[in-house]
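Here are my notes for you on this one. Have the picture open while you read, and take the points in order.

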Amino acid sequence: MSITVGAYGIAFGAASVAAGFSILQTSLLSLLTFSGASQFALVGVMGSGGSALSGIATATLLGFRNGLYGLRMSPLLKTRGPKRILAAHVTIDESTGVALSQEGLGEQAMRSGFWLTGIGVFLFWNLFTIAGALGAQSMGNPAAWGLDAAVPAAFLGLVWPRLTCLSDRFLSVAAMALALALTPFVPAGIPIIATAFLALAIGLRRL
Amino acid sequence: MWWGVIGTSVAAFGLKYLGHSIPHRYLEHPKIQKTNLLIPITLLSALVAVQTFAEKSKLVLDHRAAGLAIAAIALKFRAPFPVVVILAAISSAAVFHFSS
């Protein structure tokens, strides 16, 4: 898991610098936002000319799941005060996933899984973000190094494991088509947010 | 840029903290759970498409498409994430140099 997180961290650091964010801004995003997909989305939207507002909106929509993870984790962790702030900050895909995978081993194992993973990923993510950012800064033209293709490839790597059934794959293709169809007509960033309505329409109707 | 950094960070933490603080019978409705699984699929897919085929507000087919195609093939063969990204970068850079 650490290797994967390290690779995502390098990819994010490089993508962020290639999108025009400074090394300080890139590092602050990893320290303070600490949610991979949201960070990628912000630099992706703003790097391709979208406004800060559409970048924030896309990133925040992707961050909703962390809130739901928190709902799942809070009865287990039973934290208060400053410790709850820390728990909230490290509530991400990985820490929640590891905690849930320890379900058979009892609550104590779930709690230590959550904290160890959350804090471990936080350290790796931030170190490798800086490495990626420094690397990209010394490279020059992102296209010459393939960095401009590495970013969509990273998004594809993030979405691929989520496409577990045929209807999910169909939704993915539909979202791509909708975003591309809107691109010539609305400001950058809006085509991406617009696809959330596709998810809303299907998610609230199905079942 | 700074607005993006600050706004995203504040909203991301706010959502995480909210999740830990509100009583959990809210938002546990299965439709909300389902939608929550679908939103990342549409947003990430849209980002893949736009980052590959758009240049500002124009649709283009360039070296990035080659990189993405290789990435998709690598994922199909269950390659790990670092391999996928590196293969995409190499193939895109190769096409970029070849065509310019």
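1. Start where the two chains meet: from H8(A), the residues A:Asp148, A:Ala149, A:Pro152, A:Ala153, A:Leu156 and A:Gly157 touch B:His63, B:Arg64, B:Gly67, B:Leu68, B:Ala71, B:Ala72 and B:Leu75 of H3(B). "In contact" is when C-beta atoms, placed from the backbone, lie within 7 Å. By class, this contact has eight nonpolar, three polar and two charged residues. Here Ala, Val, Leu, Ile, Met, Phe, Trp, Tyr, Cys and Pro are nonpolar, Asp, Glu, Lys and Arg are charged, and the others, Gly among them, are polar.

2. Keep in mind that this is a predicted model, where local features need pLDDT of at least 70, side-chain atom pairs count only at pLDDT 80 or more, and totals for chains, interfaces and linings use all residues. Residues are numbered from 1 along each chain as its sequence is written, while chains are lettered from A and ligands numbered from 1 in the order in which they are written.

3. Now the geometry: H8 (residues 147–159) of chain A and H3 (residues 63–76) of chain B pack at about 35°, with axes 9 Å apart. Helices are DSSP runs (H or I, at least four residues), numbered from the N terminus. Axes are lines fitted to C-alpha atoms over the stretch in contact, and angles run from 0 to 180 degrees between N-to-C directions.

4. Look at H1 (residues 2–21) of chain B too: it has 20 residues and reaches 28 Å from first C-alpha to last. Among its covering elements are H2 (23–33) and H3 (36–47) of chain A, which lie over buried residues of H1(B). Buried means 20 or more other C-beta atoms within 10 Å of a residue's own. Those buried residues include B:Val5, B:Phe13 and B:Leu15.

How values were computed. The expected span of a helix is 1.5 Å times one less than its number of residues. A residue is buried if 20 or more other C-beta atoms lie within 10 Å of its own, exposed if 12 or fewer, and partly exposed in between; C-beta atoms are placed from the backbone.
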